[in-house]
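I opened this model to see how the chain is built and where a few residues sit. My notes follow the order in which I looked things up.

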Amino acid sequence: MTNSSDSHGSIIPTNLYKEPAPILDKENPFESMMERFDLAANILGLEKGIYNYLKNPVKQIITSIPIIMDHGDIEVFEGYRVIHNDILGPSKGGIRYAPDITLDEMKALAAWMTWKCAIVSIPFGGAKGGIKCDPSKMSIGEVERMTRRFTSNMLDVFGPDKDIPAPDMNTNEQTMAWIMDTYSMHTKKTQTAVVTGKPSILGGSLGRREATGRGVMIVSVSALNKLHINPKNATAVIQGFGNVGSVSANLLYEQGVKIIGLSDINGALYNKKGFNLPDVLEFAIKNGSILNYPKSEKISNEELLQLECDLLVPAAKEDQINSHNADKLKCKIIAEGANGPTSANADSILQNNGILVIPDILANAGGVTVSYFEWVQDRMGYFWPLSLVNERLERMMDEAFLNVYKSAEKYNVPLRIGAYILAIDKVAKTLKIRGIYA
Ligand code: NAD
């Protein structure tokens, strides 16, 4: 199963066929993040020392993970954990298992987590980690042994008050349960708060699976309101139908938004009159894809992105909106459900075309917000009903949207840069008050 960034898995199975590869900007994720960071830092007039402090991760760990494979041989995997910043609190961020992960990618994703946590005002810093491996070619026992050995290598790093992992690509509730158990065995007490994204039986929070999509819906509705578009008269297109895409689509549908375009890795669909989302969801769960959903017209991924609509939610992967297609988009708002779906090169094109972009570090922060709720509940040993989780999420996302909007207005910049300014300013101010220990 593929999960993402402080995430919880999709209920829709993953599938088989791939569309021809689109032309991408193929930006280095770290450089792409730094480009936006630099812009915001310049506008803020960030002093050089603070700039250097915030630019560099506080810790980068590479660790060897030897495992006895099922065939009896030893294989050694490479594991990473990057802690970008821990000024606001313990660092927080997902663990991904994939054959092509790099330290550079971990650095970018860890920094994103720092800014994301600052924007939604949760007391966490940012981290990211992973293991270079192909879990689809490993047995469950091998994945478990690898996870447990990685955790034991990271005993000095992880901790409820230090660094709190979560699921990401190819890791899930089970992975978190193994990390929690290994950590607890070593520390001789049950410590559920060392990870989030756990099964609810083990201290996971209600509403966590839907949290990112719910956050996307909340900020999308705020943005529609800002543009004086009644959600009940609005149209939306969603790219990706996994955890984030399917939940966003369904919740927007519940708000009365007409969903006219949907896609997953197998292809894209158009329905001028609007999809019946519960029906599409049922179809996707049964068939593993939305591809052959009736009552719709098949279109290409590029056509999907270029549909005329009020709201476009890219909720699949990075670099989907880039310098090759940004000029062709006909939406009014983009709510970035995915991490990094818009390349830095596309930013100015979208801005010139008057498209309001709700940046990933705000739009998909609902997931980490409910991860924070999970951590709070674990530490209290007292669990909240779903209504309370959703109510608190809504309040925090609304506040974050408003703060980012105000910051963008104050500095006369797009929301993305407004969000970076808000986050960098907050971390920089906290750093100044704490001072530099020497
Ligand atoms: P997922 O694996 O559940 O779903 C991904 C979906 O995208 C699938 O439907 C897949 O078929 C589709 N897809 C993949 N390539 C595609 C393509 N080229 N065109 C169209 N569709 C394509 O993943 P997810 O958890 O929903 O995450 C999606 C994005 O959201 C990722 O960028 C992730 O980092 C980000 N994100 C997720 C969470 C979370 O809580 N799940 C939180 C923050 C950010």
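The entries below go from the whole chain to single residues.

**Entry 1: ground rules.** This is a predicted model, in which local features need pLDDT of at least 70, side-chain atom pairs count only at pLDDT 80 or more, and totals for chains, interfaces and linings use all residues. Residues are numbered from 1 along each chain as its sequence is written, and side-chain values use heavy atoms, with hydrogens and water left out.

**Entry 2: overall build.** I counted secondary structure and got 14 helices and twelve strands in the protein chain. Helices (H or I, at least four residues) and strands (E, at least two) are DSSP runs, numbered from the N terminus.

I then checked the radius of gyration, which is taken over C-alpha atoms. The globule rule is 2.2 Å times the number of residues to the power 0.38. For 438 residues a compact globule would come out near 22 Å, and the 21 Å of the protein chain agrees with that. Along the principal axes, the C-alpha atoms fill a box of roughly 60 × 55 × 45 Å.

Entry 3: Of the 438 residues in the protein chain, 58% are buried. Buried means under 20% relative accessible area, exposed over 50%, and partly exposed in between (1.4 Å probe, protein chains only).

For contacts I used heavy atoms within 4.5 Å. Taking contacts between residues at least 6 apart in sequence, I found that 70% join residues at least 24 apart.

The protein chain exposes about 18,200 Å², and carbon and sulfur atoms supply 52% of this area. Accessible areas come from the Shrake-Rupley method with a 1.4 Å probe; for residues, only the protein chains shown count as cover.

**Entry 4: charges.** The protein chain has 46 positive and 49 negative charges, and their mean positions are 4 Å apart. Lys and Arg count as positive and Asp and Glu as negative, while His and the chain ends are not counted. Each charge is placed at NZ of Lys, CZ of Arg, CG of Asp or CD of Glu.

**Entry 5: cysteines.** How many disulfides does the structure hold? I found zero disulfides, a disulfide being a pair of cysteine sulfur atoms within 2.5 Å. I looked up two cysteines. Cys133 is buried at a relative accessible area of 4%. Cys117 is buried at 0% and is found in helix H3. Apart from neighbours within four places in sequence, Cys117 contacts Ile122, Phe124, Gly125 and Val368. Between Cys117 and Ser343 there are 21 Å, C-alpha to C-alpha, with the two 226 residues apart in sequence.

**Entry 6: Ala40.** Is Ala40 buried or exposed? Ala40 counts as buried, with 0% relative accessibility, and lies in helix H1 (residues 29–44). Not counting residues up to four places away in sequence, Ala40 touches Ile417, Tyr420, Ile421 and Ile424.

**Entry 7: Thr342.** I placed Thr342 in the loop between strand S11 (330–335) and helix H10 (344–352). Thr342 is buried, with a relative accessible area of 2%. Beyond residues up to four places away in sequence, Thr342 touches Arg36, Asp319, Ile321, Glu336, Asp347, Leu350 and Arg416.

**Entry 8: positive phi.** Most residues other than glycine have a negative phi. I noted Ser121, which has a positive phi of about 55° although it is not a glycine. Ser121 sits in the loop between helix H3 (103–119) and strand S4 (125–132) and is partly exposed at 42%. His228, also not a glycine, has a positive phi of about 55°. His228 lies in the loop between helix H6 (208–226) and strand S6 (235–239) and counts as exposed at 74% relative accessibility.

**Entry 9: around strand S9.** Where is Leu291 found? I found Leu291 in the loop between helix H8 (277–287) and S9. Leu291 is partly exposed at 23% relative accessibility. Leaving aside neighbours within four places in sequence, Leu291 contacts Asp264, Asn266, Gly267, Leu269 and Lys298.

Ser300 lies in the loop between strand S9 (297–299) and helix H9 (301–305). At 27% relative accessibility, Ser300 counts as partly exposed. Ser300 and Tyr270 are 30 residues apart in sequence, and their C-alpha atoms are 9.6 Å apart in space.
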